[in-house]
Amino acid sequence: IGAGELGIPVLTYLASMGVGSMGIVDSGLISIQMLSMQPLFRYNQVDQSRIHLVAQHIRDLNPNCKVEIYEDGLTTANVLEVISRYT
């Protein structure tokens, strides 16, 4: 859950290890302040959705990995539906 400072390395390692399916939950945008902490992102991507860029990064690392994105974040309304899809 989350495509930030901790989530991106975890997602990257899982994709590199060959995980076949993953879901990414994140509703944030790339900001200038996060560029020094998240080297995946570039200055020309500021104000873009993190989740789409991270999903593409995962697909580039492992084209066989099915990536589902949940860009509304995790809420009490959707938590059971989202989590029930994964082990």
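Is D26 buried or exposed, and what is its relative accessible area? D26 is buried, with a relative accessible area of 6%, where buried stands for under 20%, exposed for over 50% and partly exposed for the range in between, computed with a 1.4 Å probe and protein chains only. The model is predicted, so that local features need a pLDDT of at least 70 and side-chain atom pairs count only at pLDDT 80 or more, while totals for chains, interfaces and linings use all residues. Residues are numbered from 1 along each chain as its sequence is written, and side-chain values use heavy atoms, with hydrogens and water left out.

The side chain of D26 meets that of R50 in a salt bridge, at 3.0 Å from N to O; the term stands for a side-chain nitrogen of Lys or Arg within 4 Å of a carboxyl oxygen of Asp or Glu. Because R50 belongs to helix α2 and D26 to the loop between β1 and α2, the pair ties together parts that are 24 residues apart in sequence. R50 is buried as well, its relative accessible area being 14%.

Helix α2 covers residues 50-61, and its 12 residues reach 17 Å from the first C-alpha to the last, close to the 16 Å expected at 1.5 Å a residue, a span taken as 1.5 Å times one less than the number of residues. Helices (H or I, at least four residues) and strands (E, at least two) are DSSP runs numbered from the N terminus. In α2, R50, I51, V54, A55 and I58 are buried. They cover an arc of only 125° around the axis, which puts them on the same side of α2, the arc being that of the directions from the helix axis to the C-beta atoms. An α-helix has 3.6 residues a turn, so residues three or four places apart point the same way. The cover over the buried residues of α2 includes α1, β1 (21-25) and β2 (66-70), with contact meaning heavy atoms within 4.5 Å.

The count of salt bridges comes to 4. One of them joins K66 to E68, with the closest N and O atoms 3.5 Å apart, and E68 is partly exposed at 23% relative accessibility. The side chain of E68 also meets that of R85 in a salt bridge, at 3.2 Å from N to O. This pair links distant parts of the chain, since R85 lies in the segment after α3 (79-83) and E68 in strand β2, 17 residues apart. Salt bridges that share partners join K66, E68, E81 and R85 into one network.
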